[in-house]
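This report concerns backbone angles, aromatic pairs and nonpolar cores. The sequence and structure are shown first.

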Amino acid sequence: MPTTSTTSTTSTSPAPSHVTPAPPVAPHVLDNPAWASLSGAHAAFAVRAGAHAARYEPDVAVFSAIADPADARSWEGLRSLAGPGGTVSLSGVLTPPPGWETVWSGRGVQLVDTSLGAEPAPEAVRLGAADVPEVLELIELTKPGPFLPRTIELGTYLGIRHRGRLVAMAGERLRPPGWTEISAVCTHPGFRGRGLATRLVRAVAAGIRDRGDVPFLHTAAENTDAVRLYESIGFTVRHRPFFLAFRAPGGADDIAATRI
């Protein structure tokens, strides 16, 4: 009987001639929150240089912002805002153009509300312009971050008093669309360990949620105790941005840096 042999062949599909690249990921509004705030909810506090750079009025907040760090027009606008040798505070920009000097940098942590139990604090009082001297004293003592005479105009600030004395506070700062930053969270050293700051964070967050925004906040990366506390009450780390101060070209070497 004749034997029939068969040969098995494996067919492979030809390799595609090209691969369609994935579409670029759109930047998140929280990647540049100061720019988003100055272009939106805080436009009334903005000092602008065309369409590419802005800063807060100098007695409101220390932050400057640029639309696109890769666009030379942003840096030219920022230079005009700073003036020769002036300093500007930015976040997220790592490498300035030639001629700019990095005078301070620090790593931060950006956290967003994912499961915070927000609720009013009945003992909290709304702080206003008349409270600013006392607020500035508490800020100077506790150093939670920059706070200027008109920062209180950026949003709702709440405080807790003991026998009439302001001992804890927290409030709202940056306002990118859909989000509000909780800031100036601090407690007098003699009143720590009582949960005052946590109650104020929850109360400020309740007001933010009531208008449909999501709370977020920043802290220094080395402040690991604060990061753990915020995570324990319902915040999640989203990003670890750099905070930086740059000196514009053309000035003296002894101009002091502004630290975030």
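The sections below take these topics in turn.

## Basis of the model

The model is predicted: local features need pLDDT of at least 70, side-chain atom pairs count only at pLDDT 80 or more, and totals for chains, interfaces and linings use all residues. Residues are numbered from 1 along each chain as its sequence is written, and side-chain values use heavy atoms, with hydrogens and water left out.

Helices (H or I, at least four residues) and strands (E, at least two) are DSSP runs, numbered from the N terminus. Buried stands for under 20% relative accessible area, exposed for over 50% and partly exposed for values in between (1.4 Å probe, protein chains only).

## Positive phi angles

R163, a residue other than glycine, has a positive phi near 50°. R163 sits in the loop between β7 (157–162) and β8 (165–172), and its relative accessibility of 81% makes it exposed.

A184, also a residue other than glycine, has a positive phi near 55°. A184 belongs to strand β9 (residues 179–187) and is buried, at 10% relative accessible area.

## Aromatic pairs

Rings of Phe, Tyr and Trp (its six-membered ring) pair if their centres lie within 6.5 Å; planes under 30 degrees apart are stacked, over 60 edge-to-face and the rest tilted. The count by this rule is five aromatic pairs. F147 and Y157 form an edge-to-face pair, because their ring centres are 5.4 Å apart and their planes stand at 85°. F147 is in the loop between α3 (132–142) and β7, and Y157 is in strand β7, so the pair ties together parts 10 residues apart in sequence. F147 is buried at 8% relative accessibility, and Y157 is buried at 0%.

W179 and F216 are likewise edge-to-face, at 6.2 Å centre to centre and 85° between the planes. This pair links distant parts of the chain, with W179 in strand β9 and F216 in strand β10 (residues 214–220), 37 residues apart. Both W179 and F216 are buried. Ring pairs also join W75, W100 and F246 into a cluster.

## Nonpolar cores

A nonpolar core is a set of buried Ala, Val, Leu, Ile, Met, Phe, Trp, Tyr and Cys residues joined through side-chain atoms within 4.5 Å. The largest has 27 residues, of which L111, I182, V185, L200, V201, Y230 and F235 touch the most other members. Two or more residues each come from β5 (101–113), β7, β8, β9, α4 (196–210) and α5 (224–232). Helix α4 gives the most, with eight residues.

A second, separate core of 17 residues includes L30, A54, V112 and L174.
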